[in-house]
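Hi,

Here is the structure I promised to pass on.

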Amino acid sequence: MDHSQLVNAQMPTRRSVLKTAASCAAAASLHPIRAFAFQRPSPQIKIFDVLQYGAAGDGKTLDSAAFQRAIDAAAAYSGHAQVLARGGRQYLIGTIELKGAIDFHLAEGAELLISTRREDYRGGLANSNSGDTMAAATGAVILADHTQGLKISGPGAIHGRAKEFMTRYDDIGGIWVPGPFRPKMFVLTACTDLEVHDITFGEAPNWGLHLLGCDRVLVDNVKVRNLLDVPNCDGIDPDHSRNVEIRNCDIVCGDDGVVIKCSRQPTDFGPAANIHVHDCTIETQDAGLKIGTETTSDIHDLRFERCQIKTASRGICIQLRDQGNISNIDFRDITFTSRYYGDPWWGRGEAISFTAIPRTPTSTPGTLSHVTVSNVSGHAENSVRVFGFRAAPGAPSTIHDITFTNVAVTLDRTTQFKGELFDNRPTTAMPAILPHDTPGFSIEHADAVTLRHCKVAWGANVPATFTYAVEALDTTALKIEGLTGAPAHPSLGKAVSIS
């Protein structure tokens with residue numbers, strides 16, 4: 001994508017104040033999300049034009065200092081303030097830090113071009129070990145810390161120049177290999193009453209929109225145009241955040257599309273809770289809609305609905321690896337296509353993957369419970385998978401009370417990558433990549449799983465390793481009601497295998 005395509009990828013749209021309580025009230029298991037009173041625009045809004053604070057806007061002169069002067073002046077203003085990047089210009093920037101109850105506005109035709117020089121960046125997460133989690137990676141283009149009433153608005157764009165932060169392309173893995181430094185696009189920390197709408201960002205070299213410890217957030221009509229073969233360029237990452245609505249977003253990215261997590265931090269930002277993701281379109285080479293893998297605090301009361309996952313390595317995914325508990329999760333009215341990719345990419349084409357296993361041989365994971373999946377359908381190269389862990393034979397599983405209702409999956413082989421595999425990464429407590437046959441539903445080491453009016457169909461390319469409609473191992477209180485489906489091969493003789 002060239003610069004003009006990125007700038008014009010997002011058209012202006014008028015958006016309303018966040019109101020999610022009504023849309024969530026129907027879910028008995030989901031606590032209503034509060035309606036938020038964001039600061040409304042005022043006719044007396046004062047404009048702080050970055051050009052008037054010294055920005056060149058020529059795409060060559062570093063404009064970070066000019067942007068910061070405009071931001072600081074707007075934050076000090078006692079009334080309604082907007083920091084404006086005018087259209088028709090390209091602004092070269094490193095780190096800028098947003099402050100106060102301002103509207104940081106990229107006008108139509110405005111593009112922020114990020115610098116490729118490490119010295120132009122600051123930020124990251126203090127006292128974090130960069131080897132512990134991607135959330136600790138240093139450097140970001142746009143920072144904000146403990147702001148209230150901040151708005152980031154478009155329809156302008158941010159160009160991340162991802163390939164310029166890579167060292168080489170791995171033809172076998174189908175992936176770019178990162179260099180020693182690559183900034184995130186946004187790290188917004190402990191912000192309240194935050195609104196991000198109508199912007200476009202693309203070619204992110206690292207995570208896209210990282211919301212760390214934020215509360216009362218609206219992300220609306222955001223367009224992400226990252227490169228599909230760049231690793232770790234997630235779309236939107238609510239991390240330890242609460243009362244969040246993500247809606248009407250159009251996301252293309254190499255890594256997870258929308259991923260809810262609780263990463264390991266030196267500060268306790270609390271749980272991730274009351275999050276509603278809806279009416280989004282996602283294209284990725286990793287998981288489309290995901291929870292985890294960082295699960296150091298509880299994650300609860302989430303709803304994902306009316307989303308289309310055009311392509312992914314796993315359509316819907318929950319990966320619990322740490323001590324936090326995940327509960328009251330609702331997926332509904334979602335379509336997906338899932339397939340195999342090269343070895344470096346996590347996921348092995350699973351339609352849906354819920355796993356709760358130890359990260360290391362000495363760690364103890366929390367529990368994954370009370371998850372409902374309803375009116376979900378798609379095509380995949382691998383199973384709907386539920387895979388738990390028991391500390392000892394007969395002990396309770398880390399996964400219980402999972403219900404699939406009206407879930408329909410068609411399994412087929414559509415790529416030439418090696419199959420017969422499940423992906424357990426990240427873990428060192430068991431095989432990271434597990435050889436396994438391919439049933440429609442694979443349920444192992446779990447308690448109280450219900451399949452209600454589900455359907456399994458087989459496509460045109462059905463290898464011998466495709467097996468039963470449902471295969472269960474070491475699973476208690478399994479209920480199967482109104483299943484539609486046959487074994488992949490008549491010689492198997494039955495649709496359901498329980499052992």
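Let's start with strand 19, residues 236-239, which is covered on both faces. Ile236 and Pro238 sit on one side, Asp237 and Asp239 on the other, and all of them are buried (under 20% relative accessible area, with exposed being over 50% and partly exposed in between, using a 1.4 Å probe and protein chains only). Strands here are DSSP runs of E with at least two residues, numbered from the N terminus.

A word on the model: it is predicted, so local features need pLDDT of at least 70 and side-chain atom pairs count only at pLDDT 80 or more, while totals for chains, interfaces and linings use all residues. Residues are numbered from 1 along each chain as its sequence is written, and side-chain values use heavy atoms, leaving out hydrogens and water.

Back to strand 19: strand 16 (residues 209-212) pairs with it in the parallel sense over 4 bridges, where pairing takes at least two DSSP bridges between the strands. Leucine 212 has aspartate 239 of strand 19 as its bridge partner. Strand 22 (residues 258-262) also pairs with strand 19 in the parallel sense, over 2 bridges, and there valine 258 is the partner of isoleucine 236.

**Cysteines**

How many disulfides does a search of the whole structure find? The count is 0, a disulfide being two cysteine sulfur atoms within 2.5 Å. For cysteine 253, the nearest cysteine sulfur belongs to cysteine 233, 5.7 Å away. Cysteine 253 is buried, at 0% relative accessible area. Cysteine 307 is in no disulfide either, with the sulfur of cysteine 280 nearest at 4.7 Å; cysteine 307 is buried too, at 4%.

Cheers
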